[in-house]
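Hi everyone, thanks for making the time this morning. Please have a look at the model on the screen, and then I'll walk you through it.

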Amino acid sequence: MVPVSTTLLELREVGKVFGDTVALAPTSLAIEEGSFVAIVGPSGCGKSTMFNVIAGLLRPDGGDVVLRGAPITASTGHVGYMLQKDLLVPWRTVEDNITMATRLTRRVTDEDRAEARRVAHQYGLGEFLRHYPSALSGGMRQRVAFMRTLVTHQELLLLDEPFGALDAQTRLEMQEWLLRVWKDTGRTVLFITHDVDESIFLSDRIVVMSPRPGRVVADLANPLARPRGIHTLLEPDFIALKAKVLGLLHGEEA
Ligand code: ADP
């Protein structure tokens, strides 16, 4: 039997203008539950504006953001959001940083702490629970930031260039790590990057954007099989998709 896919998130003609700048032209997009969708485009093409609108931090000039069929436009608290800058609290331990988002909304319970320890152990942070962020590498810090996002139990995770500041080797390790967590937890991920390889390595689908005005120029299915690893980077389908995305980013027609 073919599994029935469900739309988790819909953007319906969502747009945003700042002064004379069309940050995001009216955009429609549907994201399937459990999918991993990469959004790739150069700086200034409206990627972060789109995320801020989805997160409810920014009110669009028009259109609706719909989650599981219900409008959530300009309201917060419906998604997990993670940025390139890890925003860990330096005077809190790893365990306390993981429960930080919960602490902002209610009292942290023993159950919350137990969950933080469980996910930390499961995903390679177990030895660091009592450490402070300054003692961690960049990759480890991003793992903590991601765990903090994960324990909010939001189904939709918005990840805005989370590995952008990491070196190439750490980045690849983090990508493989993220795919493992994604597979285990069944969350839906929207992932911003300007790294074409990263967008292909991770995703089921690639949304390509271009600036002035910020808009979606292509929405491509990713045919690469999972699980993925270093071998994926050498497959003919990978190279073909990379050529396609690079062409689009250099102004070729979809
Ligand atoms: P990206 O995330 O793809 O780099 P952004 O969404 O940050 O792009 O920005 C899209 C465009 O909107 C850019 O030209 C940027 O300068 C402009 N912009 C973004 N936020 C604001 C703001 N708060 N005020 C004015 N212009 C903005």
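Predicted model: local features only at pLDDT ≥ 70, side-chain atom pairs only at ≥ 80, totals over all residues.

Before we look at any sheet, one definition: two strands pair if DSSP finds at least two bridges between them. Helices (H or I, at least four residues) and strands (E, at least two) are DSSP runs, numbered from the N terminus.

Residues are numbered from 1 along each chain as its sequence is written, and side-chain values use heavy atoms, with hydrogens and water left out.

Let's begin with strand 9. What joins strand 9 to strand 10, and in which direction do they run? There are six bridges between strand 9 and strand 10 (residues 215–221), and the two run antiparallel. Within that pairing, I206 stands opposite L220 in strand 10. The two strands form a hairpin with four residues between them, and R212 in the turn has a positive phi of about 50°. Please look at the next bond too: the peptide from R212 to P213 is cis, with omega near -10°. P213 sits in the loop between strand 9 and strand 10.

Strand 9 also has a partner in strand 3 (residues 36–40), and there the pairing is parallel, over four bridges. You can find V37 opposite R205, and I39 opposite V207.

Now, is strand 9 enclosed or open? Six of the six residues of strand 9 (residues 205–210) are buried, so the strand is largely enclosed by the rest of the structure. Buried here means under 20% relative accessible area, exposed means over 50%, and partly exposed is in between, with a 1.4 Å probe and protein chains only. Both faces are covered: R205, V207 and M209 are buried on one side, and I206, V208 and S210 on the other.

Stepping back, these strands belong to an open sheet of six strands in the order 6-7-8-3-9-10, with mixed pairing. At the edges are strand 6 (80–82) and strand 10, each pairing on one side only. Neighbouring strands of this sheet are turned by 15° against each other on average, direction ignored; the axes behind that angle are lines fitted to C-alpha atoms, for helices over the stretch in contact, and angles run from 0 to 180 degrees between N-to-C directions.

Next, the ligand. The residues around it are F18, T21, A23, P42, S43, G44, C45, G46, K47, S48 and T49, where a residue is near a molecule or strand if one of its heavy atoms lies within 4 Å of it. Which elements each supply at least two residues of this shell? They are strand 2 (21–32) and helix 1 (47–54), and helix 1 gives the largest share, three residues. By type, the shell divides into four nonpolar, six polar and one charged.

Let's zoom in on the ligand's oxygen atoms. A polar backbone atom of G44 is 2.7 Å from one, and a backbone N or O atom of G46 lies 3.1 Å from one. A polar side-chain atom of S48 lies 2.8 Å from an oxygen atom of the ligand. The protein covers 57% of the 560 Å² of accessible area that the ligand has on its own; accessible areas come from the Shrake-Rupley method with a 1.4 Å probe, and for residues only the protein chains shown count as cover.

Finally, a few local points. Q175 is in helix 6 (residues 168–185) and is buried, with a relative accessible area of 5%. The side chains of Q175 and E198 are joined by a polar contact of 2.8 Å, meaning a pair of N or O atoms within 3.5 Å; within protein, one must be able to donate a hydrogen and the other to accept it, and residues adjacent in sequence count only if both atoms are side-chain atoms. Another cis peptide bond runs from R226 to P227, with omega near 0°.

Technical notes
Nonpolar A, V, L, I, M, F, W, Y, C, P; charged D, E, K, R; others polar.
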